[in-house]
Amino acid sequence: DDADRNTIAEHENRPTLFESVEKWLERLPFTESTGSNFTFWDEYRKAVEALYERDRARLVESNDLDEANIQPQLKQIEASLRSFDAILNEEEYNQLLESGARRLSFKATRAALFIMLYRDYPLLNMPFQFLTALTEFDEKLSIWRYRHAQMVSRMIGSKIGTGGSTGHDYLVRASMQHKVFSDITSMSSYLIARKELPELPDDIQGGLHFAYNQS
């Protein structure tokens, strides 16, 4: 009835969960120090480059591998290093946004990565759990879609689906492709070992701990 239609229209005009998460991430502080020239992303770039430079040196100096085995691995290192440009270079990232390969804004994506890298700090632990819950939400939707595809396969085989799709094959592809928070799931590609992480200045570390005020 009209009341139900109005309720649906009202909710459709509100910010989506995705939009709300994006705006929340964009507000994240902590990446720049007020007491020094520290900028986290500059230090993160140095840490990533140093990490892959060590990997490259170990390969070149290895006595256990011949040239035929070394070259493909060196190319893989270069490809991995280039993949970090999406996080480190806003222009590169915006190209991914335009192509549809990414949905979250550049600023929100960086914030999500920062939360995951420093999730052990008290103030970031709950945001990390929230981001994890979003990825689990996507996983459960994918599982539901896959089970739906299997049910369709049992019921109609390879016939055309009721919506005009190719039935089972279309649904299997959809279960892999259609995710709401795939940008957050892909953050694992940019995680580095904790011992390699840039050390945060005292003012940033202080802001990431809970403060107790006796007054």
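**Stop 1: helix 7**

Select helix 7, which is mostly covered, with eleven of its twelve residues buried. The helix runs over residues 106-117. From its first C-alpha to its last it reaches 17 Å, close to the 16 Å expected at 1.5 Å a residue. Colour the buried residues: F106, A108, T109, R110, A111, A112, L113, F114, I115, M116 and L117. Keep in mind that this is a predicted model.

**Stop 2: R110**

Stay in helix 7 and pick R110. Which side chain of opposite charge is nearest to R110? That side chain is D42, 6.8 Å away. R110 is buried yet has no salt bridge, because a salt bridge needs a side-chain nitrogen of Lys or Arg within 4 Å of a carboxyl oxygen of Asp or Glu. Now show what R110 touches: leaving aside neighbours within four places in sequence, R110 is in contact with W41, I87 and L88.

**Stop 3: the largest nonpolar core**

Next, show L25, F40, Y44, Y118 and L200. These residues have the most contacts inside the largest nonpolar core, which has 45 residues. Helix 2 (17-26), helix 3 (40-61), helix 4 (67-83), helix 5 (85-88), helix 7 and helix 8 (122-156) each supply at least two residues of this core. Which helix gives the largest share of this core? Helix 7 does, with nine residues.

Centre the view on L200. Not counting residues up to four places away in sequence, L200 touches F38, F40, F114, Y118, Y121, Q205 and L208. One of these, F114, is among the buried residues of helix 7.

**Stop 4: E92**

Move to helix 6 (residues 90-99) and select E92. Why does E92 count as partly exposed? Its relative accessibility is 37%, and partly exposed means between the 20% limit for buried and the 50% limit for exposed. Then draw a distance from the C-alpha atom of E92 to that of F106: the two are separated by 9.8 Å, and they lie 14 residues apart along the chain.

**Stop 5: the whole chain**

Zoom out and switch to a cartoon view. The secondary structure comes to eleven helices and zero strands. Of the 215 residues of the chain, 33% count as buried. Among contacts with a separation of 6 or more, 69% are between residues 24 or more positions apart.

Conventions: Residues numbered from 1 in each chain as written. Predicted model: local features only at pLDDT ≥ 70, side-chain atom pairs only at ≥ 80, totals over all residues. Heavy atoms only, no water. Helix = DSSP H or I, 4+ residues; strand = E, 2+ residues; numbered from the N terminus. Expected span 1.5 Å × (residues − 1). Buried < 20%, exposed > 50% of the residue type's maximum accessible area, 1.4 Å probe, protein only. Lys, Arg positive; Asp, Glu negative; His and termini not counted. Contact = heavy atoms within 4.5 Å. Core = buried A, V, L, I, M, F, W, Y, C linked by side-chain atoms within 4.5 Å.
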